[in-house]
Amino acid sequence: MLKKHKRATIIVICTILAFIMFFPYIKAEVLTLKYGDEFEGLQKQTNMLGELEYLKVLSYSSDTAEVLYITDFGDLRCLLTFAREPNDEWEVSEWKTIWSKSGS
């Protein structure tokens, strides 16, 4: 009986840890599916980023959003923060390059 209790406890602990580890990835996938279309093409506001390979919406609220853009061939990864303007359009408020194939 004690072995079954230990095994059940270990399974519950492992399940909770796995959920905690994968929650940010699951959240990004859900946000991307729900709001990703709103941010396609907005990387061009920077006048520096090329064609988009894909994007991930990392956070979203009614007035701000953080979106990770991966450009063509994965050469560049940029985190853009958007603010919603009074006209309900998203505008880039901050831009961080977090990885570049060509270096800094």
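**Surface patches, aromatic pairs and salt bridges**

Val-12 is found in helix H1, which spans residues 2-39. Helices here are DSSP runs of H or I with at least four residues, strands are E runs of at least two, and both are numbered from the N terminus. The model is predicted: local features need pLDDT of at least 70, side-chain atom pairs count only at pLDDT 80 or more, and totals for chains, interfaces and linings use all residues. Residues are numbered from 1 along each chain as its sequence is written, and side-chain values use heavy atoms, with hydrogens and water left out.

Val-12 is partly exposed, with a relative accessible area of 47%. The classes are buried (under 20% relative accessible area), exposed (over 50%) and partly exposed (in between), with a 1.4 Å probe and protein chains only. Val-12 belongs to a nonpolar surface patch with Ile-13, Ile-16, Leu-17, Phe-19, Ile-20 and Phe-23. Together these residues have about 680 Å² of accessible area. Areas come from the Shrake-Rupley method with a 1.4 Å probe; for residues, only the protein chains shown count as cover. Patch members have over 30% relative accessible area and no salt bridge; nonpolar side chains (Val, Leu, Ile, Met, Phe, Trp, Tyr) are joined within 5 Å, like charges within 9 Å.

A patch of negative charge also lies on the surface, formed by Glu-85, Asp-88, Glu-89 and Glu-91. Asp and Glu count as negative, Lys and Arg as positive; His and the chain ends are not counted. The place of a charge is taken as CG of Asp, CD of Glu, NZ of Lys or CZ of Arg. Asp-88 sits in the loop between strand S3 (76-84) and strand S4 (90-100). Asp-88 is exposed, at 52% relative accessible area. Its phi is positive, about 70 degrees, although Asp-88 is not a glycine. Asn-47 also has a positive phi, near 60 degrees, and is a residue other than glycine. Asn-47 is placed in the loop between H1 and S1. With 68% relative accessibility, Asn-47 counts as exposed. Most residues other than glycine have a negative phi.

The structure holds eight aromatic pairs. Rings of Phe, Tyr and Trp (its six-membered ring) pair if their centres lie within 6.5 Å; planes under 30 degrees apart count as stacked, over 60 as edge-to-face and the rest as tilted. The rings of Phe-19 and Phe-23 have centres 5.7 Å apart and planes at 50 degrees, so this pair is tilted. Phe-19 and Phe-23 are four residues apart in helix H1, and therefore separated by about one helical turn. Phe-23 is partly exposed, with a relative accessible area of 42%. Phe-39 and Trp-90 form another tilted pair, 5.2 Å centre to centre with 45 degrees between the planes. This pair links distant parts of the chain, with Phe-39 in helix H1 and Trp-90 in strand S4, 51 residues apart. Phe-39 is buried, at 0% relative accessible area. Trp-90 is buried as well, at 5%.

Side chains of opposite charge can pair when their charged atoms come close. A search of the whole structure finds three salt bridges. The criterion is a side-chain nitrogen of Lys or Arg within 4 Å of a carboxyl oxygen of Asp or Glu. Glu-29 bridges to Lys-56, with the closest N and O atoms 2.5 Å apart. Glu-29 is partly exposed, at 37% relative accessibility. Lys-44 and Glu-51 form a salt bridge with closest N and O atoms 4.0 Å apart. Lys-44 is partly exposed at 47%, and Glu-51 is partly exposed at 49%. In the salt bridge between Glu-94 and Lys-96, the closest N and O atoms are 3.5 Å apart. Glu-94 is partly exposed at 38%, and Lys-96 is partly exposed at 44%.

Glu-53 lies in strand S1 (residues 52-60). Its relative accessibility is 42%, so Glu-53 counts as partly exposed. Glu-53 and Asn-87 are 34 residues apart in sequence. Their C-alpha atoms are 28 Å apart in space.
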